[in-house]
Amino acid sequence: MPTQETVCQRKDLTEGSGKVFTVGGRSIAVFWHGGEVFALDADCPHEGGPLAEGALEGKAVTCPWHNYQFDLTTGACAPDPSLSVKRYPVGLEGESVVMVL
């Protein structure tokens with residue numbers, strides 16, 4: 001049965017950037033962008049780059065190591081369809097950022 005876990009508070013996130021949190025034993029990159037919250041696996045599947053440090057453009061984050069770009073809404077990789085990151089259901093409950101595990 002799915003459980004809901006508080007990841008952080010809204011104030012812990014900065015518009016247009018990501019931050020890594022450990023949730024359920026997983027490293028998750030959480031982004032606040034355009035008034036929405038997104039959560040993806042923290043590491044790029046190409047060579048483990050830190051996605052939370054990547055630049056955001058539109059609804060995509062670009063890995064700072066080798067410029068692989070991942071869609072924040074699906075986790076899909078634009079330049080290489082064989083790569084993707086897991087996207088996690090996340091949202092706001094009041095000022096808390098919560099994720100369903």
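Residues are numbered from 1 along each chain as its sequence is written, and side-chain values use heavy atoms, with hydrogens and water left out. Because the model is predicted, local features need pLDDT of at least 70 and side-chain atom pairs count only at pLDDT 80 or more, whereas totals for chains, interfaces and linings use all residues.

The sheet is open and consists of three strands in the order E1-E9-E8, with antiparallel pairing. Strands here are DSSP runs (E, at least two residues), numbered from the N terminus, and two strands pair if DSSP finds at least two bridges between them. Strand E1 (4-9) and strand E8 (90-93) stand at the edges; each has a single partner strand, so one side of each is left without a neighbour in the sheet. On average, neighbouring strands of this sheet are turned by 35° against each other, direction ignored; the axes are lines fitted to C-alpha atoms. Five bridges join E1 to strand E9 (residues 96-100) in the antiparallel sense, and Glu5 has Met99 as its bridge partner in E9.

Ser96 also belongs to strand E9. With a relative accessible area of 17%, Ser96 is buried, a term that means under 20% relative accessible area with a 1.4 Å probe and protein chains only. The side chain of Ser96 makes a polar contact with the side chain of Gln9 at 3.2 Å. Such a contact is a pair of N or O atoms within 3.5 Å; within protein, one must be able to donate a hydrogen and the other to accept it, and residues adjacent in sequence count only if both atoms are side-chain atoms.

Thr62, in strand E6 (residues 60-62), is likewise buried, with a relative accessible area of 17%. Its side chain makes a polar contact with that of Gln69 (3.3 Å). Leaving aside neighbours within four places in sequence, Thr62 is in contact (heavy atoms within 4.5 Å) with Gly54, Ala55, Asn67, Tyr68 and Gln69.

In strand E3 (residues 26-33) lies Ala29, which counts as buried at 0% relative accessibility. Beyond its neighbours within four places in sequence, the contacts of Ala29 include Lys19, Val20, Phe38 and Ala52. Ala29 and Pro89 are 60 residues apart in sequence and 12 Å apart in space, C-alpha to C-alpha.

Finally, the charged end of Arg10 sits over the ring of Trp32, 3.9 Å from its centre; the criterion is that NZ of Lys or CZ of Arg is within 6 Å of the ring centre and within 35 degrees of the ring normal.

Conventions:
Helix = DSSP H or I, 4+ residues; strand = E, 2+ residues; numbered from the N terminus. Axes fitted to C-alpha atoms, helices over the stretch in contact; angles between N-to-C directions. Buried < 20%, exposed > 50% of the residue type's maximum accessible area, 1.4 Å probe, protein only.
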